[in-house]
Amino acid sequence: MKPETRLRIVRILLLLLVIVLSVSIYLYRDQVKQLAGLGYPGLFLVSLLSNATLILPVPGVLFTSLMGAVFHPFWVAVVAGTGSALGELSGYLAGISGRGVVERSDVYDRLVYWMRRYGVWTVLVLAFVPNPVFDVAGIIAGMLRMPVWRFLLFCWIGKVLKMLLFAYGGAGLLNFLPF
């Protein structure tokens, strides 16, 4: 088998794996929520799985806020940020698998421009800001062949910083509750 054919097969299999994973997590999202009762490991799994979906929303930051009210907010942010960053590899892998994953639009074109011009800084900012376009940014990073370690590092930094806000926000809510 030619190397090009083998690479094409691997790309298609990666894309299929990401699609199956996304649909499965979305369909079983209620069972995923129960993992939060397992403490830090549960939080890691919820964060990982909620960020492994492509485009389909599974809110993981809500768990981070709740867990920040129960456990130490700093460690909640580190655990949730790590799970979130690793979960974002699904978008990156989808991007490596082929260019036909995302429909071209103004947002797509802007993200490609930002990713080419600012690279990892685009990943960091988009990972920090709660937004629905980070999946597209991960796909573009994969398409542009950004080194995976750079993508993961800057994604992790942005996700941990974002989770710090949510975890400490959740911990701060306890002070306002009357009971």
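Tutor: Let us begin with the word contact, which here means heavy atoms within 4.5 Å. The model is predicted, and by that rule M146 touches Y92, M115, G119, V120, V123, A141 and F151, once residues up to four places away in sequence are set aside.

Student: Where does M146 lie, and what makes it count as buried or exposed?

Tutor: M146 sits in the loop between helix 9 (134-143) and helix 10 (148-176). Its relative accessible area is 10%, and buried means under 20%, so M146 is called buried.

Student: Which helices does the chain have, and how many strands?

Tutor: The chain has 10 helices and 0 strands, and from the N terminus on its elements therefore read as α-α-α-α-α-α-α-α-α-α under the rule that helices and strands are DSSP runs. Of its 179 residues, 41% count as buried, and residues 24 or more positions apart account for 82% of the contacts with a separation of 6 or more.

Student: What makes the pair K159 and E88 a salt bridge?

Tutor: The side chains of K159 and E88 meet at 3.1 Å, N to O, and the rule asks for a side-chain nitrogen of Lys or Arg within 4 Å of a carboxyl oxygen of Asp or Glu, so the pair qualifies as a salt bridge. The pair links distant parts of the chain, with K159 in helix 10 and E88 in the loop between helix 5 (73-87) and helix 6 (89-97), 71 residues apart. Both K159 and E88 are buried, and the count by this rule comes to 1 salt bridge.

Student: Which residues have the most contacts inside the largest nonpolar core, and which elements supply it?

Tutor: The largest nonpolar core has 23 residues, and those with the most contacts inside it are M115, V123, F134, I140, M146 and F151. Helix 6, helix 7, helix 8, helix 9 and helix 10 are the elements that give two or more residues to this core, and helix 9 gives the most, with 7 residues. Apart from it lies another core, of 10 residues, among them L43, F63, M163 and A167.

Student: How do you know whether S47 is buried or exposed, and what does S47 contact?

Tutor: S47, in helix 3 (residues 40-51), has a relative accessible area of 1%, and because the limit for buried is under 20%, S47 is buried. Leaving aside its neighbours within four places in sequence, S47 is in contact with A80, G83 and S84.

Technical notes
Residues are numbered from 1 along each chain as its sequence is written. This is a predicted model: local features need pLDDT of at least 70, side-chain atom pairs count only at pLDDT 80 or more; totals for chains, interfaces and linings use all residues. Side-chain values use heavy atoms; hydrogens and water are left out. Helices (H or I, at least four residues) and strands (E, at least two) are DSSP runs, numbered from the N terminus. Buried means under 20% relative accessible area, exposed over 50%, partly exposed in between (1.4 Å probe, protein chains only). A nonpolar core is a set of buried Ala, Val, Leu, Ile, Met, Phe, Trp, Tyr and Cys residues joined through side-chain atoms within 4.5 Å.
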